[in-house]
Amino acid sequence: MAKKKQIELTIEEKLRNALVPKEEQPYKIPSNWCWSYWKYCGKFIAGNGFKNIYQGFTQYDIPYYKVGSLKFCDEGNYLIDETNTINEEIRTKLKAVKIPVNSIIFAKIGEAIKLNRRCLNKIECCIDNNLMAFISEKYFYKYIFYWTKSLNFYELTNATTVPALRKTDLENIPIPLPPLNEQQRIVNRIESLFAKLDRAKELIENTLAQFEQNKMAILHKAFTGELTAKWRKENNIDLSSWENGILMDFCKINPKKINTKEFDDDMIVSFIPMPCVSDIWGKIIKKELRKLGEVKKGYTNFCEGDVLFAKITPCMENGKSAIVDKLENDIGFGSTEFYVLRCDENKLNNKYLHYFVRQKTFRDEAKGEMTGAVGQQRVPKTFLENYKMKVPTIEEQQEIVNILDNLLAKYNKIKNLEQQLEKIELLKKAILAKAFHGELGTNNPDKESAENLLKEILAEK
């Protein structure tokens, strides 16, 4: 039976299909803009399988990008990873599609989507089957690129064990389209503002890096005895007063839980999940209140004065630990990803221990001993128990704590700069939001119309 001839739609009918109905438009945009769907701005290309036998070659002229490549972009958001390259012969064998220059490349499967990375390509390339590319047609590719950076792709993933992006879901995302010249003006404005923020970010990061170097030097002096050399001389003692041992000689690691049988399950106690401990400040920034019956099983138990030490990556690497302060009804519970370190008060000062476990040297050693699956590695308890250390007298420990408190207090103001870094990222998001609402002051509604541009594109299809 012969196929029915497909009826050709008029331009007006095509335009009606391409425009988002008014009641479905996410927000109001300038009158000379229009809401369309992403699929009308270009096309999506899925990646291809990349056999291991062809990976690892760097001498060829066609880059073959993998998900890990998205970490390596230059200041212009262009991919610069040269880990894998192929030639035309290999590309033909793999049946890999060539991705045109200035395509938007992003992860389409797995937890990598959550990172929301986007990159452009400077030269023709190929991508593996965990990536997807979008090629802009007629629209300014950088406008589309920055628009995608305002989206959270992870929210679009399907609800399966392995998150994934479906092409059809991406195609039907509404996109605010300004006229072509306005797209260029918006990109120029975004890049000008971002450049200023990036300069500020670089200055802050350089200051923080210098701070970390100075802090490391101070802590090294503290735990090798150099910081209190004068104090020892004044007190007629020397380094021989420092005791050799392992950490479990001076404190209990995960001591036995308190007996809660005598307490009512409705009694309110303090609960501290991992996010409630600041890795910046090394303090508990919030305590939740829960009923004892809800937390006494399956959670870590601790008391006032204990040191909490995060054992899981990346929390441990970031220095997430704290000294437990006042607790509701003197009872605390929290994440099982904390080790509880309870000092023998006659041998180890808890503030001294807290400074010790937050130093980068200690955390680097702990990282080297981590076990478990990548992304969920943990510091073994045996690492802490058997950690070799030289410990000064309790009096010298207190002197070290006093000196460190005074010295590092000066740096706390500098640490506020980390919050400024967070503000810079929020400012970038705010700039993107304004850009795609038509609120950057660049629009000229009297001269240009996005609908006319869309009509021209639809006429060619």
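Trainee: How do the residues of the lining of the second largest pocket divide by class?

Mentor: That lining has nine nonpolar, four polar and seven charged residues. Here Ala, Val, Leu, Ile, Met, Phe, Trp, Tyr, Cys and Pro count as nonpolar, Asp, Glu, Lys and Arg as charged, and the others, Gly among them, as polar. Keep the source in mind: this is a predicted model, where local features need pLDDT of at least 70, side-chain atom pairs count only at pLDDT 80 or more, and totals for chains, interfaces and linings use all residues. Numbering runs from 1 along each chain as its sequence is written, and side-chain values use heavy atoms, without hydrogens and water.

Trainee: Which residues lie nearest the centre of the second largest pocket?

Mentor: First, the general idea. Rolling a probe the size of a water molecule over the atoms shows where empty space is left. The search uses a 1 Å grid over the protein atoms alone: a cavity is a set of points where a 1.4 Å probe fits but cannot get out, a pocket is an open set with protein on both sides within 12 Å along at least five of seven lines, and lining residues have an atom within 4 Å of a point. In this case 20 residues line the pocket, and Trp281, Gly282, Lys283, His354 and Tyr355 lie nearest its centre. Its volume is about 510 Å³, taken as the space filled by probe spheres set on the points, which are joined across faces, edges and corners.

Trainee: Which element gives the largest share of that lining?

Mentor: Helix 11, with five residues. Helix 5, strand 14 (283-284) and helix 8 (350-358) also supply at least two each. Elements are DSSP runs numbered from the N terminus: helices are H or I, at least four residues, and strands are E, at least two.

Trainee: What volume has the largest pocket, and how many residues line it?

Mentor: The volume is about 1,100 Å³. The lining has 30 residues, with Asn77, Lys149, Asp198, Lys201 and Lys428 nearest the centre. Strand 6 (118-120), helix 3 (141-149), helix 5 (180-224) and helix 11 each give two or more. Helix 5 has the largest share, eight residues. By class, the lining counts 16 charged, ten nonpolar and four polar residues.

Trainee: Which residues does a cis peptide bond join?

Mentor: Thr313 and Pro314, with omega about 5°. Pro314 lies in the loop between strand 17 (307-310) and strand 18 (321-323).

Trainee: How many cavities of 30 Å³ or more does the search find?

Mentor: One, across the whole structure. The largest cavity has a volume of about 40 Å³. Its lining is Glu212, Lys215, Met216, Leu219, Arg358, Gln359, Lys360 and Arg363. Helix 5 gives the most, four residues, and helix 9 (360-368) supplies at least two.
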